[in-house]
Amino acid sequence: MSWLIENKEWIFSGVGVSLIVFILSLFSKNKQLKQSQTSGNDSKNYQAGGDIKMGQDDDK
């Protein structure tokens, strides 16, 4: 804790903030969603990053 107090100017300067953001970005990359899709013959496959509405009339 004393190290943190002694080095607070460096930590909260541009260098320290950049380093903290870089370290946090390394951990967040592992949590990204990855989509994959396999299909068979004569099949229809739909893939989206969000909702898909099929067979619905939006006018109602």
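**Exercises on a predicted model**

Leu4 lies in helix H1. The model is a predicted one.

**Exercise 1.** Determine which secondary structure elements the protein has and in what order they run.

Solution. Step one is the count: the protein has three helices and zero strands. Step two is the order, which from the N terminus reads α-α-α.

**Exercise 2.** Classify Leu4 as buried, partly exposed or exposed.

Solution. The relative accessibility of Leu4 is 40%. Buried requires under 20% and exposed requires over 50%, with partly exposed in between. Leu4 is therefore partly exposed.

**Exercise 3.** Find the nonpolar surface patch and the elements that supply it.

Solution. Start with the members: Met1, Trp3, Leu4, Ile5, Trp10, Val15, Leu19, Phe22, Ile23, Leu26 and Phe27 form the patch. Together they have about 1,200 Å² of accessible area. Next, assign them to elements: helix H1 (2–6) and helix H3 (14–28) each give two or more residues.

**Exercise 4.** Examine the backbone and the exposure of Asp42.

Solution. Locate the residue first: Asp42 is in the segment after H3. Its phi is positive, about 55 degrees, although Asp42 is not a glycine. Most residues other than glycine have a negative phi. For exposure, the relative accessibility of Asp42 is 86%, so Asp42 counts as exposed.

Technical notes: Residues numbered from 1 in each chain as written. Predicted model: local features only at pLDDT ≥ 70, side-chain atom pairs only at ≥ 80, totals over all residues. Heavy atoms only, no water. Patch = residues over 30% accessible without salt bridge, like charges linked within 9 Å, V, L, I, M, F, W, Y side chains within 5 Å. Areas by Shrake-Rupley, 256 points an atom, 1.4 Å probe, with all protein chains shown as cover. Salt bridge = Lys/Arg side-chain N within 4 Å of Asp/Glu carboxyl O. Helix = DSSP H or I, 4+ residues; strand = E, 2+ residues; numbered from the N terminus. Buried < 20%, exposed > 50% of the residue type's maximum accessible area, 1.4 Å probe, protein only.
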